Amino acid sequence: MDIHFIQAVGGIFVPPITSVGRFFSFFGAGVWQIFTTPFQAGKVLDHIWFIGAKSIFIILLTGLFTGMVLGLQGYYTLVTFGSEAALGGAVSLTLIRELGPVLTAIMITARAGSAMAAEIGVMRMSEQIDALVTMQINPIRFVFTPRIVAAVLSFPLLTALFDIVGVFGGYLSGSLLLGMNEAVYMDKVIRSVNLADIWGGFFKSLVFALVVTTICCYRGYYSHLTQQGEFGAKGVSLATTRAVVQSCICILICDYIITFFLV
Amino acid sequence: MHTAFIQFTEVRKKFGSLVVLNGVNLTINKGEITVIIGKSGTGKSVLLKHIVGLVQEDSGQLLIQGEPLNRLPRKKALQFQKSMSYMFQDNALFDFLTVFDNIALPLKETSRISPSILKEKVHTRMSQLSIEGIDHKYPSELSGGMRKRVALARALVTNPEVILFDEPTAGLDPVRKKNVHHMIREYQKKFGFTAVIVSHDIPEIFDLAQHIAFLDEGIIAFEGSKQEIMESDMKSVHGFIRGKDIRNE
């Protein structure tokens, strides 16, 4: 067989396979470091503050308006069938099963994920990651491990907040604005949602936490391994863009896969 | 009598099609200050990064006290790596950490010493380098000279046996350059570490050097003392130290 053909085929398949291998090694190394001492409690708290606490406001805002839109749209759709009483159930199930975990993850990606990729990318470009290596400090443990722990703790809590505020938003639209009976709305919320829905939503948010943090940190960490001419500031900006785009796509793909198995 | 501490034998390295090191042979003696000079982009930093393990050679060998680094037992290799510090050209200080935390970082992350001893060690280095009272400042709040001293304090805080300096005076004015050179000379005398310095400060850096290596076109074209390099009749050496490019003449 022609050697050039083999080289061409290798040139197409080897880089993506290498990249996938590198991604999972990065993830594995970061997760392994969670269980090695000394634990990095201080750093984890710092990142919970950044990923979790500082995201509360945008989660409240997006949760509220998502719930209000669902309430509005749901009411006008259901009223044509004379079943507007089901609004509470429709809003709460849509939020808890789907929109809560997905939109929370996308909002955190936009706010904290992009910052993670950019910060680690700048650390790479300014040789701070090399400096860690020369100081015998495991750079993956230093930059990635505390962030993944913080994300795993923050994502479900923020998702819960989004769900609660979203249900309240539906109540504002359906009951206060459109005059639906408040007791009926709340009764339907309580009766429709069962524990499996809540656990399913939390499970999704945990998976999204792992996916978003790994992609964003990975993109920043390897921002130097780019095409020619994509180093420095451009390399960091591209790493950030790729981190956000790939995280959002992966959130939606994972959401479909998990939903497929949970339904 | 000096012993060969670090030795490059026929080390080659290329990035893609670009050959950077093309059979480098270099001996670095223990307790000496070795200065590596050469034009920009000739691979001086790459050479330095081989020692600290940031770059791996394609072929050839890097010997540590006569043993190949890549074949040293894990424990011994780790011990060697721990005995080294690297001072980066742009300092590589962590923007999100204060000066104190930057200097304390290698101790905090790699050893379990008590906070009081840690504080004492960091403050000792800070006072030796005249940067007291800036513990809570961030690198962005410091001048270029101060940042260099913070980077040097971080490099010295672990009491390393070897310190690698990658253009330690890049971007500094002549007065600060002189101060950094003085600082390196004084601390090398005081602590007796082995220093490898990549520099463009010619001829000032020669006053500091006990051993000088000239890297040109991927090889060490010249090795010797200050006097030997100044008296060298090699065209490339002669041209370089006098700021002339012989290929353009």
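The secondary structure of chain B, in this predicted model, comprises 8 helices and 10 strands, where helices (H or I, at least four residues) and strands (E, at least two) are DSSP runs numbered from the N terminus. The radius of gyration of chain B, taken over C-alpha atoms, is 18 Å, close to the 18 Å that the globule rule gives for 249 residues, so chain B is as compact as a globular protein of that length. The globule rule is 2.2 Å times the number of residues to the power 0.38. Along the principal axes, the C-alpha atoms of chain B fill a box of roughly 55 × 45 × 40 Å.

Local features need pLDDT of at least 70 and side-chain atom pairs count only at pLDDT 80 or more, whereas totals for chains, interfaces and linings use all residues. Residues are numbered from 1 along each chain as its sequence is written, and chains are lettered from A and ligands numbered from 1 in the order in which they are written.

Chain B is divided into domain 1 (4-83 + 161-248) and domain 2 (91-159), with bounds from an automatic or database domain assignment. The C-alpha centres of these two domains of chain B lie 26 Å apart. In chain B, 9 residues of domain 1 are in contact with 8 residues of domain 2, a contact being two residues whose C-beta atoms, placed from the backbone, lie within 7 Å. Helix H6 (residues 174-191) of chain B gives the most to the domain 1 side, with 5 residues. The residues of that side divide into 7 nonpolar, 1 polar and 1 charged; Ala, Val, Leu, Ile, Met, Phe, Trp, Tyr, Cys and Pro count as nonpolar, Asp, Glu, Lys and Arg as charged, and the others, Gly among them, as polar.

Of the 249 residues of chain B, 37% count as buried, that is, 20 or more other C-beta atoms lie within 10 Å of their own, with C-beta atoms placed from the backbone. Leaving aside residues up to four places away in sequence, B:Val35 touches B:Ile197, B:Ser199, B:Ile205, B:Leu208, B:Ala209 and B:Ile212.

Between the chains, 10 residues of chain A are in contact with 13 residues of chain B. The chain A side divides into 4 nonpolar, 4 polar and 2 charged residues.

Methods:
A residue is buried if 20 or more other C-beta atoms lie within 10 Å of its own, exposed if 12 or fewer, and partly exposed in between; C-beta atoms are placed from the backbone.
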